Amino acid sequence: MRIHIIACRIFARELSYLSALSDNQIELTWLGRGLHNTPEKLQDRLCRTLDDLYAQWEARELEFRPDYIALGYGLCSKAVVGIKCRDIPIVIPRTDDCIALFMGSQQRYLEEFAAAKGAYWLNSGWLEQSARLFDSDDFKRRKWLEYAEKYGEDNADYLIEVESSWEKNYSTLGYIHSDIHDSPDNLRRAETEAERKGWRLRELNGDNRMLRMMVDGTWNEREFLILKPGETIAPDYSGLKLRAAEEGEEF
């Protein structure tokens with residue numbers, strides 16, 4: 001079976017390794033981690049990447065069409081909502097985001113989220129693809145000066161406060177270890193960030209179970225949405241995260 005996977009670059013080590021071991025023939029297309037910061041841009045890039053793949057197949061630049069296209073994303077702030085399946089089935093994990101994939105399941109993600117009372121999760125892949133995790137005081141100061149020049153000092157104060165407000169929801173920095181690649185340097189970076197922000201560090205062992213299922217094609221309907229031709233990805237509020245909407249359906 002041929003599977004073409006479009007995934008965030010934070011999965012590069014895990015998916016490359018697992019693809020090499022899979023009996024299936026896997027093609028990988030990577031997208032930048034920074035797209036997560038703007039879901040609208042991520043959705044646009046995913047759609048353009050799919051368009052480009054079809055264009056390559058139609059121009060016979062690629063020798064084979066895949067049997068399935070898999071997306072290495074979860075719901076990701078609804079960035080995948082609205083993506084339509086053409087004539088090749090699309091497979092996507094029924095998870096909130098990539099962190100659940102590194103943990104092995106959406107259920108474990110929810111359990112760890114509750115246990116930590118909300119944690120900001122990192123792992124080696126996330127750290128390796130992030131030039132800056134959190135805005136430093138110097139970076140915030142430079143942004144404040146930029147905003148003050150454009151909008152005035154009072155508005156600059158407000159904009160910086162709004163942009164930093166999400167940090168108030170966290171007191172824990174979670175770090176997920178990997179049995180494929182686990183760099184001590186990345187753990188030290190996480191420790192440094194946690195100390196700088198006054199957060200506690202919570203470590204746990206990751207699980208590549210769902211990533212292995214993705215490359216092996218051992219999907220099940222409970223954990224993966226398998227989109228048929230003509231269907232569109234829609235949000236699901238029953239706990240499954242994603243569902244298939246038929247053509248013409250409003251959601």
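Modeller: Of the contacts in the protein with a separation of 6 or more, 62% join residues 24 or more positions apart, a contact being heavy atoms within 4.5 Å. The model is predicted, so local features need pLDDT of at least 70 and side-chain atom pairs count only at pLDDT 80 or more, whereas totals for chains, interfaces and linings use all residues. Residues are numbered from 1 along each chain as its sequence is written, and side-chain values use heavy atoms, with hydrogens and water left out.

The protein has 9 helices and 10 strands; these are DSSP runs, helices being H or I of at least four residues and strands E of at least two, numbered from the N terminus. An open sheet of mixed pairing contains 5 strands in the order β2-β1-β3-β4-β8, where two strands pair if DSSP finds at least two bridges between them. At its edges lie β2 (25-31) and β8 (224-227), each of which pairs on one side only. On average, neighbouring strands of this sheet are turned by 20 degrees against each other, direction ignored; axes are lines fitted to C-alpha atoms, for helices over the stretch in contact, and angles run from 0 to 180 degrees between N-to-C directions.

Strand β1 (residues 2-8) pairs with β2 in the parallel sense over 7 bridges, and Ala-7 has Trp-30 in β2 as its bridge partner. Helix α1 (residues 12-21) packs on the sheet and touches β1 and β2, its direction making about 170 degrees with that of β2. Helix α9 (residues 209-216) also packs on the sheet, touching β1, β2, β3 (68-72), β4 (90-93) and β8; the direction of α9 makes about 140 degrees with that of β1.
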